[in-house]
Structures are given as C-alpha cells and as structure tokens.
Amino acid sequence: MSLKEFIKNSPKTELHLHIEGTLEPELMFSLAKRNKIEIPFKNVDDVKKAYNFSNLDSFLKIYYEGAKVLIKEQDFFDLTWAYILKCKEDNIVHTEIFFDPQTHTDRGIDFDTVINGIFNAFKKAEKEFGLSFKIIMCFLRHLNEDECFKILDKALAHKDKIFGVGLDSSETGNPPKKFEKLFKKALENEFITVAHAGEEGPPEYIWEALNCLNVHRIDHGVQCLKDEKLVEILSKSQIPLTVCPLSNVKLKVFNNLGEHNLKKMLDKKLMVMVNSDDPAYFGGYLNKNLIEIQAALNLSQEEIKTLIVNSFKSSFLNEEKKKEWISKI
Ligand code: HPA
Ligand code: ZN
C-alpha cells in the first residue's frame, strides 16, 4: 500500500477545525442568495483570488466577512452537513470542532440558532454514519473578557451540547492571561479547556495557556520550539499540540511546507498530530494536509502512523473507544 493510500484508508480523528472555516465559496454564494446578503465578490473565482493572506489577521478579516451569510438555523445545519460529508470522504470517524458564537451574536443572530443548527447536523451524522463528535465553543480573544462572560452564560443553557471552551482569533497582543477569570468560571462549570497559543504568538503565550487557563490541549503551538524548557515540559506531560500544516503556510507562519517544524516536533517526542483548521480557506481537508506534509518532510509510514494514533490519544473519546480505533490503524 502506498503512503497516500495508507493515509486515506486509516480511520482518523480531527481535533482542530473551525466549522465557519469550512464554508466553501459555492455554499457562501448560495447562502448569500438565499438570505439576500451582499458579498464583496462577483463569483467563486473572485473569492478564491481574495484568499491570499499575509498573516493571521489578514485571513480573519475575510473569514469574518464570509460568515455574514450564515443567518438561519438551516444555514448552520447546511454548513455543518457539508463538513460531515468531507469527514466521510476523508475517513474521519471522530471530530472535535470549534464554533465562534460571537462572530454571529455580534451580528444579531441568536446563540440558540447557531448551536442548534450545528448540533442537529452532528446528531444526524452520528445516527446515520456513526460519526462521533465533540463541540468546543471558542471565545474571540480580540474582544474583552466581559463580553465573553455573557457568551459563557449563554453556553450554560447548552451544556448538553457543548463539551468545552477554547480561545481563537487575533493572537498577538491578546495573551491567554487576559481570560484567566473567564476560563476559571468555565472550569468551575465543568467545561474542558483548550486554547490557540503559539501560532504567531511567542512561547510565553503557551506557558500562560498551560498555567492560567489549565488547558488540555494547545491549538497550533508550533512556536514552542523556541523555548527548550517549554519543549521539555510539553514532551514530559504529553500535552497535545494540534498542528495545522496548510494553515501555517497560508498564514505565513512558515514559508513553505518543507520548512515546517512538524518533523522536529515528532523527533522531540511531542504529542503532535495533523489537522485542517479552516480547510475552505487554506486549500485542503485532513487527508490533503497529511499527504502534503508527508511528501514535503519525507515522513515515514511509522511517523504518519504516530500522527494518526496521537490524534486518537489526544481526543476526548473514552479510553475504550480510543483503543478500539487505534487497533484498526
Ligand atoms: N487562529 C486563530 N483564530 C482562528 C483561526 C486560527 O487559525 N481560524 C479561525 N479562527
Ligand atoms: Zn484554529
């Protein structure tokens, strides 16, 4: 079996995916039409041309613009269903996705509209395809903590649907410490915590996510290699780092995949795996991320297997389920 086939055929899990980042241009246009929303693009090609980012913030601007076509519960359902079909295509058997409620509530969309649309799509997929899932609500870190507290209060009414909380959006200048009280309250309410840290931001942000927010996983975390002591702690504790190769190149964290530090992270025995982040914007879903990073870094079958096994190990599946899936790789 070729490595490409091995990647495609293995059952996989995905741990770093923004559901709003799966909005393909075609669906963006059809929702814009359905909801009579003006978008600043003439056609699909025009949209794709705009996906030339210079850093995280230049991407976020377009990502928040695109999300404006999502209005009704059915829109959130359709968005999620389209991603679920990609999971089937890529043989993803378990997924832990992020959603950004503030991107929608700030436009006057009800919190319930957002979560119900997403959750109902996953419940249908669970029933029809046996896809398992967890939903993680991200706070937008460029906003202030008070606004985030209001969203946390809304989430409490949906505790049965939302498994954990995370932190995303513009990293530089918005350190994890800014949200220490918020995450304390989330933990008191038994949400698990994760946070984006060390994507563009310095290793200090990873330290803060660990020490101030009590996170189970670091999203991205690729900047950790700049700090030896941090690498030692991450390696010892096996705190997962949800790496997203195509995202990192699109947002110029690395110049190209060949310069990506994933192999170095594997060599340092860090708990890393591959994810797609915002696949509609970054050029590929999970299999494409794995196939392209394998080729660029000449990763062995053993290394690919480690990445896929790590993803199951790092998931919030129970131990029995983890073992069951890992035995099938
Ligand atoms: N980083 C930070 N915020 C985000 C991202 C990301 O990669 N994708 C969507 N929101
Ligand atoms: Zn992300």
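The legends below describe close-up views of a predicted model. In this model, local features need pLDDT of at least 70, side-chain atom pairs count only at pLDDT 80 or more, and totals for chains, interfaces and linings use all residues. Residues are numbered from 1 along each chain as its sequence is written, chains are lettered from A and ligands numbered from 1 in the order in which they are written, and side-chain values use heavy atoms, without hydrogens and water.

**View 1. The residues that surround ligand 1.** Around ligand 1 stand His18, Leu56, Phe59, Leu60, Tyr63, Asp168, Ser169, His196, Glu199, His220, Asp277 and Asp278, each with a heavy atom within 4 Å of the ligand. Helix H4 (residues 56-66) gives the most to this shell, with four residues; a helix is a DSSP run (H or I) of at least four residues, numbered from the N terminus.

**View 2. Polar atoms beside ligand 1.** Polar contacts are pairs of N or O atoms within 3.5 Å. A nitrogen atom of ligand 1 lies 2.8 Å from an N or O atom in the side chain of Glu199. A polar side-chain atom of His18 is 3.3 Å from a nitrogen atom of the ligand, and one of Asp277 is 2.7 Å from an oxygen atom of the ligand. The protein covers 100% of the 260 Å² of accessible area (Shrake-Rupley method, 1.4 Å probe) that ligand 1 has on its own.

**View 3. Leu241 in strand S7.** Leu241 belongs to strand S7 (residues 241-243), a strand being a DSSP run (E) of at least two residues. Leu241 is buried, with a relative accessible area of 0%; buried means under 20% (1.4 Å probe, protein chains only). Leu241 and Ser300 are 59 residues apart in sequence and 20 Å apart in space, C-alpha to C-alpha.

Conventions:
Polar contact = N/O pair within 3.5 Å; in protein donor to acceptor, adjacent residues only side chain to side chain. Buried < 20%, exposed > 50% of the residue type's maximum accessible area, 1.4 Å probe, protein only.
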